[in-house]
Amino acid sequence: NTILFLDNTITCANVGDSRAVLCRYIDNEYKAIDLSRDHNPNEKDESERVTSKGGHILQYYDKIMKRFIGPKRIWLKNSDIPGLAMSRSFGDEIGHTVGIIATPEVREFKLEGNEKFMIIASDGVWEFISSQQCVDIIKEYYEKGDAEGGVDAIVKESVKRWRNEEETIDDITAIVVFFE
């Protein structure tokens, strides 16, 4: 995610499955506003592009356990590569042959004056935590002026949820920016 603040506008350019979320204070509640969307095979337009270019979308198949595991991934037809869980990325030459693109999706949002904070995080955070749940975790730290504590809380909660759901833990990276 790349975020640009210019005058009264936030512009977000995104490639991949990281997400940027803005928190607005509306009617005495902290509300999550997604500034970007995750580019993965679950999104209809993304999967249609990949399949139209010859890509195959399927979860990883564990031959030892004889079961599908993890998120849907993009594969070459009749091949075990690249196995990428996102439909947009930079530099994946093999993936680009089957519709994975590096074109950013750009969205603009007008600032309303009630923005409190922003979260930018990798898919390891968003796999088991929704945008609103993440805002709900951060809001108490926002009220104390403790951005670092908020980041720590997101990371700890992400790790906890991964351990409850999976044998492995994906990358977990988060940035929190307070506006006031």
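The model is predicted, so local features need pLDDT of at least 70 and side-chain atom pairs count only at pLDDT 80 or more, while totals for chains, interfaces and linings use all residues. Residues are numbered from 1 along each chain as its sequence is written, and side-chain values use heavy atoms, leaving out hydrogens and water.

Helix α1 covers residues 44-52, and E46, S47, R49 and V50 are buried in it. Buried here is under 20% relative accessible area, exposed is over 50%, and partly exposed lies in between (1.4 Å probe, protein chains only). Helices (H or I, at least four residues) and strands (E, at least two) are DSSP runs, numbered from the N terminus. Down the axis of α1, the buried residues fall within an arc of 160 degrees, so they line one face of the helix; the arc is that of the directions from the helix axis to the C-beta atoms. K44 and S52, on the other side, are exposed. The buried residues pack against β5 (55-62) and β6 (67-76), with contact meaning heavy atoms within 4.5 Å.

R88 sits in the loop between β7 (82-84) and α2 (93-96), and counts as buried at 9% relative accessibility. Among the residues R88 touches, not counting those up to four places away in sequence, are E46 and R49.

As for the backbone, most residues other than glycine have a negative phi, and most peptide bonds are trans. D7, not a glycine, has a positive phi near 55 degrees, and the peptide bond from I81 to P82 is cis, with omega near -10 degrees.
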